[in-house]
Each structure stands twice: as structure tokens, then as C-alpha cells.
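I set out to look up the salt bridges of this model and the surroundings of their partners. My entries follow.

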Amino acid sequence: MLGAVAGLVLSAAAVGAQQQEVTQVAEADFGLGTGPDDTPLFPVITPDPGQATADVPDVYARGCQVAVEDTEVVPCLSESATTGDISVAVVGDSKIAQWLPALDAIAVEQGWQLTSYTKSGCAFSSATQTVGDDTYPECVTWNEELEGLLVGAEPDFIVTSGVVSQAVDGDGKSQEAMSAGYVEKWNTMGELGIPVVVISDTPQPEPGVTPYECVAENMDNPNEACSWPSDGGSGSDTLLAAVDQVPTATYLDMNQFVCQQDVCSPVYRNVLTYRQGSHITVTFVELLRETLADQLVPAVEASLS
């Protein structure tokens, strides 16, 4: 079985080829529902399962994703969506960061200026979150500083998501505490005239199964051997519960496209869908770009009208 570390190091040639293939997907304007569902977009599964863990957004290479132990807020202006009359702040943990390649392209198309503010394992919530079994004070500090920065920056709207389902509640943890933390942050933004668009958390693979490793061992029949039922995403119910309490928040369910008919397929039209944990590959995100735009753009227009 492939180890998780095995896919972390790519040769320069492999990285270049992979980036070119991802660009080709974006330029071809493929989207879910475009053409027969069984029409391969690549001659082979892309990215190669052995390179799955390298198919990540450039926020990591640019130093934009704040590490667990750090508290400094790092505003990261898009390298392409740099000007526009409407500004968007992409805020939260790695589950919103995974959508940045698509959000960036949509921002360029719509004439939005995009800035991201992301931190590992830290959702945009005032709740006390945890890392493993330990409380996460760095996340609390980061969120406090982030709120002040957003108040000053005054983005026209925020896009967020999150994998965290529970937060500290007395001696234990609860979904209610995490939702309450979302509600507090999002209401603060709403009172300032800044609506929040919330993207569903992508579903978790089955326990003990790493999709790209399973695909590597079953290249001839990956979906038959490696598909799994969708759990809806560990953070989705908590996000949705909060959205229901915030009049200026809107929920976008992307899981109906990530895992169609409630089945998560590790390969879609020769696109490898999953990388580390419950994160989806940049190549798959690029494929979902038009589908995300179809939901996001009307939601933004409605919230700003």
C-alpha cells in the first residue's frame, strides 16, 4: 500500500505536467452535467494516485495557510483576482481553502477582488475549538484578530466552510457550542452589512480507508472497489444549523455534486477526486468550478441586492 508520504515529493517535471493538465480542465470549461458522465477528461487517472497529496491549492506554497501553532492573521490577496468593485474574503480552515482554485477563477470571471484568510483546523467561529483532545487557544486568538481585520477591511461578502462539528462546552464538547460560535461571528459580520456564504463540508472517507491508496491498488476498477456512501461531511450539519439562525447567511450544498446520489466515487471521468483526509483534489475542484459558480453567483447577487 502507498504511504501518505510517498506522494508528497514530486519532480519538477511531474509538477509541471500536473499543473498543465489542471489548466486544461479549467480552460476546457468542463463541469458536472457537461457531456456524458462517462466521458474521460484524461487518458489516465489524473492526478496519479501517487501524486494525490501534492494536488493542493497554492496557499500552502505561498505561505498563506497559518499553521496550528501560529496566531498571526495572514491576508493573502489572490494573484489573479486582484481588482474589482466587489471584494470577497475567503475565511476559515483547510476545507474552505480547498475551494480556492475555483473561487479564484470565479472571482476573475465576476470581477471580484479576492483575499483569503485561512488557518489549519480553525473555522471562523468564536467557539473554543480543539486539536485532537487538546483545546486550541491559537485558534481563538486568530479568530479574534481576524474579526478585527475584517471589520477594518469591510469585504462585500465572506465565503467560508469548516470541518469542525463540535466545540468545547463545559467539561465536554457539543455541536450546539460550535454552531453558537458560528452564529456569533456571522451575526457580527451581518450587522456590518457583510453577508456570509457557507459551503458544505466535503464528506469523510470511510474509517481506515485512504481513497487514493485504494485507487492505486485498483486502477482497473477504482469506483467498483473504492466508492463509499456519503456521510454528508462531518462539519455540514453544524454549519447548516448555524445558517438557519443567521438571516444574512446562505448555505450552498456542494456535496450533491462531490458525491452524486450520495455515493462518493474516488474517480470521476478519470479525475481523482480525493487527496488527504476528506479534502478533494485541485483537479476535481477545477472540474466543479462552473457548478460552484452556478450556486455561488446567484447567492452573492441576492445577498448584496
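I began with Lys185, which is buried at a relative accessible area of 4%; I took buried as under 20% relative accessible area, exposed as over 50% and partly exposed as in between, with a 1.4 Å probe and protein chains only. The model is predicted, so that local features need pLDDT of at least 70 and side-chain atom pairs count only at pLDDT 80 or more, while totals for chains, interfaces and linings use all residues. Residues are numbered from 1 along each chain as its sequence is written, and side-chain values use heavy atoms, with hydrogens and water left out.

I then looked up the partner of Lys185: Glu147 forms a salt bridge with it, the closest N and O atoms being 2.7 Å apart. A salt bridge here is a side-chain nitrogen of Lys or Arg within 4 Å of a carboxyl oxygen of Asp or Glu. Because Glu147 lies in helix 4 (residues 137-153) and Lys185 in helix 5 (residues 175-191), the pair ties together parts 38 residues apart in sequence. Helices (H or I, at least four residues) and strands (E, at least two) are DSSP runs numbered from the N terminus. Glu147 is partly exposed, at 23% relative accessibility.

How many salt bridges does a search of the whole structure find? I noted four.

Among them is the pair of Glu109 and Arg289, at 2.4 Å from N to O. I placed Glu109 in helix 3 (residues 100-110) and Arg289 in helix 11 (residues 289-304), 180 residues apart. Glu109 is partly exposed at 48%, whereas Arg289 is buried at 5%.
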